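Reader: Can you walk me through this one? I'd like to start with the fold and then get to the side chains.

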Amino acid sequence: MSKKKIAVIGLRNHALRHIQMLSSIPGIELKVVYYPFDVESSEFPVTMDFESVRSCDGVVISSPTPTHMEYLELLNDYNGYILLEKPAVSTLEQITIIKNWSNEKKSRIHVNFNLPFSSIYKVFNSLIQNKKLGKLIAVDIATSHGLAFKPHYRESWRHKAGKSGGVLETVGIHYINLLL
């Protein structure tokens with residue numbers, strides 16, 4: 001059986017987690033890591049050639065959120081599967097574009113939300129579905145991590161006005177997904 005060839009778009013942060021995980025899965029070949037900037041050296045097959053991405057069986061888009069739509073458009077006629085890091089896009093206009101895509105095309109794109117696989121979520125969902133909690137009238141969520149305290153945060157796309165929806169986009173979107 002031949003290995004499935006996978007491309008990852010992105011090289012740092014969460015993309016690096018995907019790269020490391022994919023590199024360790026039997027039956028998967030990390031064929032290329034597309035990164036649009038010069039990289040001095042890497043233990044991974046980094047390229048600036050986007051055509052090499054299109055030759056793979058599957059693609060993971062794990063680049064900054066404001067670039068997601070650009071990559072989806074570059075993969076417009078791609079027939080493989082796409083794992084798209086959350087949130088899928090950044091604007092209502094982009095949502096409208098995706099809504100108008102064919103169901104067949106949308107069926108090959110999976111947006112990566114991880115909380116539905118959480119054991120805590122499964123317990124609460126069961127309690128709610130079986131009406132053991134009564135009527136749900138409010139949800140109060142507190143979440144945090146130290147990203148804003150890291151020195152590089154102020155220079156990242158997540159901090160720049162107009163490039164990010166802030167905490168609601170990077171973390172809160174998981175909870176919005178759960179409520180849907």
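**Sheet and strands**

Author: Six strands form an open sheet in the order β3-β2-β1-β4-β5-β6, with parallel pairing. The edge strands are β3 (46-47) and β6, each of which pairs on one side only. Keep in mind that this is a predicted model.

Reader: How many helices and strands does the chain have?

Author: Seven helices and six strands. Along the sequence the pattern reads β-α-β-β-α-β-α-β-α-α-β-α-α.

Reader: Take me across the sheet. How many bridges join β1 to β4?

Author: Four bridges, and the two strands run parallel. Isoleucine 6 has glycine 58 in β4 as its bridge partner.

Reader: And how many join β4 to β5?

Author: Four bridges, with β4 and β5 running parallel. Valine 60 stands opposite leucine 83 in β5.

Reader: Which hand does the β-α-β unit of β4, α3 and β5 have, right or left?

Author: That unit is right-handed.

Reader: What about β5 and β6?

Author: β5 pairs with strand β6 (residues 109-112) in the parallel sense, over four bridges. Glutamate 85 has asparagine 112 as its bridge partner in β6.

Reader: What does isoleucine 9 touch?

Author: Leaving out residues up to four places away in sequence, isoleucine 9 touches Ala15, Tyr34, Phe50, Val53, Val59, Val60, Ile61, Ser62, Ser63, Tyr71 and Leu75.

Reader: Where does glutamine 94 sit?

Author: In helix α4 (residues 92-99).

Reader: Is glutamine 94 buried or exposed?

Author: Glutamine 94 is buried, because its relative accessible area is 17% and the cut-off for buried is under 20%. Setting aside residues up to four places away in sequence, glutamine 94 touches Met69 and Val89.

Reader: Now charges. How many salt bridges does the count come to?

Author: Five salt bridges. As background, side chains of opposite charge can pair when their charged atoms come close.

Reader: Start with arginine 54. What does it form a salt bridge with?

Author: Arginine 54 forms one with aspartate 77, where the closest N and O atoms are 2.4 Å apart. Arginine 54 lies in helix α2, while aspartate 77 is in the loop between α3 (68-74) and β5 (81-85), so the pair ties together parts that are 23 residues apart in sequence. The side chain of arginine 54 also meets that of glutamate 51 in a salt bridge, at 3.7 Å, N to O.

Reader: Where are glutamate 51 and arginine 54 in the helix?

Author: They are three residues apart in helix α2 (residues 51-54), so about one helical turn separates them.

Reader: How accessible are glutamate 29 and lysine 31?

Author: Glutamate 29 is partly exposed, with a relative accessible area of 28%. Lysine 31 counts as partly exposed too, at 35% relative accessibility.

Reader: Last topic, the whole chain. What share is buried?

Author: Buried residues make up 34% of the 180 residues. The accessible surface of the chain comes to about 12,100 Å², and 56% of that belongs to carbon and sulfur atoms.

Reader: And the contacts between residues 24 or more positions apart, what share do they make up?

Author: They account for 55% of the contacts in the chain with a separation of 6 or more.

Notes
Residues are numbered from 1 along each chain as its sequence is written. This is a predicted model: local features need pLDDT of at least 70, side-chain atom pairs count only at pLDDT 80 or more; totals for chains, interfaces and linings use all residues. Side-chain values use heavy atoms; hydrogens and water are left out. A salt bridge is a side-chain nitrogen of Lys or Arg within 4 Å of a carboxyl oxygen of Asp or Glu. Buried means under 20% relative accessible area, exposed over 50%, partly exposed in between (1.4 Å probe, protein chains only). Contact means heavy atoms within 4.5 Å. Accessible areas come from the Shrake-Rupley method with a 1.4 Å probe; for residues, only the protein chains shown count as cover. Two strands pair if DSSP finds at least two bridges between them. A crossover is right-handed if, with the strands pointing away from the viewer, the path from the first strand over the helix to the second runs clockwise.
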